[in-house]
Amino acid sequence: EWTTGSIVEEQVAAIREQVGDAQAICGLSGGVDSAVAAALVQKAIGDQLTCVFVDHGLMREGEAEQVERDFVAATGAKLHVADEKKRFLSALQGVTDPEEKRKIIGREFIRAFEEAERNILEEAQAEGASVEFLVQGTLYPDVVESGGGEGAANIKSHHNVGGLPDDLDFRLVEPLRALFKDEVRAVGAELGLPAEIVQRQPFPGPGLGIRIIGEVTERNLDILRTADAIAREELTRSGLDSEVWQMPVVLLADVRSVGVQGDGRTYGHPVVLRPVSSEDAMTADWSRLPYDLLATISNRITNEVEEVNRVTLDVTSKPPGTIEWE
Ligand code: XMP
């Protein structure tokens with residue numbers, strides 16, 4: 001019978017058989033797929049697995065901690081954290097073009113991951129072990145899609161943490177290859193991963209970097225992270241998480257408008273709420289969230305985030321709008 005428990009048992013046995021005594025590494029993105037793949041492999045081979053988390057500083061509030069603390073606590077996995085926040089900020093300095101941002105983030109990510117990888121390989125070598133395997137959270141729809149031609153691939157240069165360089169000749173371990181997303185979530189829950197990881201909404205590889213219209217600076221990231229955390233908290237509190245596919249919050253860092261607070265003039269930035277409903281992100285409709293919820297989010301953001309004096313709602317479907325603004 002095809003139960004979550006039997007999927008786990010079957011995959012654990014298959015991973016043990018494939019990997020044997022060798023070592024494996026796995027990149028964690030903060031997303032569901034890499035976390036569940038890593039947890040499965042950890043269950044199968046324990047400390048023969050080293051997980052790598054490249055912290056690019058473009059995650060939402062609390063997400064780096066979810067990986068560094070909660071994932072490790074839940075799985076006991078060996079984790080190598082590469083703190084690369086400064087590297088990404090300096091590579092992105094002065095850059096406002098969306099495609100350029102995407103390319104820089106993708107490129108720096110691969111470089112940072114390769115450096116971490118090299119460290120791990122050297123450490124293993126010093127101990128007489130060899131790292132032969134790379135774990136990837138490839139799902140069944142990814143398998144089908146990558147066999148299915150290019151399609152709309154040129155609209156944006158997608159950066160996915162799964163899409164790593166293939167010059168180091170690892171053999172791949174892909175324990176989720178036969179699974180759909182909902183099955184992956186069930187397996188993650190079965191393995192004891194926290195709900196924040198297992199139920200996480202889709203989040204782009206380039207992270208908040210493509211939700212800042214304008215330059216990606218520490219200040220702009222802080223503003224956006226705070227506004228985004230408020231919006232997510234209120235959406236969850238309203239009980240409507242499951243109605244929404246994802247809700248990007250976008251900071252218009254290049255725009256300022258005049259406002260009034262207390263008896264003073266403000267000249268701050270707008271943020272855009274972009275809640276969408278979708279089946280697969282190929283098409284989407286803007287979510288008809290209750291006005292009361294939107295009002296709460298707006299009040300809290302403008303009260304609690306000093307630099308933001310206006311909250312707007314994106315009422316565009318996809319097409320013609322994409323879900324992300326860049
Ligand atoms: P768009 O903006 O193209 O987004 O309508 C469709 C879905 O893809 C996500 N997205 C990305 N995911 N790397 C990713 O892993 C990326 O570079 C990327 N860009 C967009 C987006 O959040 C939405 O779910």
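1. A handy definition to start: a crossing is left-handed if the near helix is turned anticlockwise from the far one by less than a right angle, and right-handed if clockwise. By that rule, helix 9 and helix 10 cross in a right-handed way. Helices here are DSSP runs (H or I, at least four residues), numbered from the N terminus.

2. Please keep in mind that this is a predicted model, in which local features need pLDDT of at least 70, side-chain atom pairs count only at pLDDT 80 or more, and totals for chains, interfaces and linings use all residues. Residues are numbered from 1 along each chain as its sequence is written.

3. On confidence, the protein has a mean pLDDT (the predictor's confidence in each residue, from 0 to 100) of 93, with 94% of its residues at 70 or more. For the complex, the predictor gives a pTM of 0.92 and an ipTM of 0.99. Where pLDDT is low, the predicted coordinates should not be read in detail.

4. The domain assignment (automatic or from a database) gives domain 1 as 4-198 and domain 2 as 211-313. Their C-alpha centres are 29 Å apart. Nine residues of domain 1 and eight residues of domain 2 take part in the contact (C-beta atoms, placed from the backbone, within 7 Å). On the domain 1 side there are three nonpolar, three polar and three charged residues. For these classes, Ala, Val, Leu, Ile, Met, Phe, Trp, Tyr, Cys and Pro count as nonpolar, Asp, Glu, Lys and Arg as charged, and the others, Gly among them, as polar.

5. Back to helix 9 (residues 218-237) and helix 10 (residues 291-304): their axes lie 9 Å apart at an angle of about 150°. Axes are lines fitted to C-alpha atoms, for helices over the stretch in contact, and angles run from 0 to 180 degrees between N-to-C directions. The pair is therefore roughly antiparallel, the term for angles over 145 degrees. Among the residues making the contact are Ile230 and Glu234 of helix 9 and Ile297 and Arg300 of helix 10. By class, this contact has six nonpolar, two polar and three charged residues.

6. Helix 1 (residues 4-19) packs on helix 2 (residues 32-45) at about 65°, with the axes 8 Å apart. These two are therefore roughly perpendicular, a label covering 65 to 115 degrees. Their crossing is right-handed. Residues that meet include Val8, Val12 and Ile15 in helix 1 and Leu40, Val41 and Ala44 in helix 2. The contact divides into eight nonpolar, one polar and two charged residues.

Definitions and conventions: Contact = placed C-beta atoms within 7 Å. Parallel < 35°, antiparallel > 145°, perpendicular 65-115°, else oblique.
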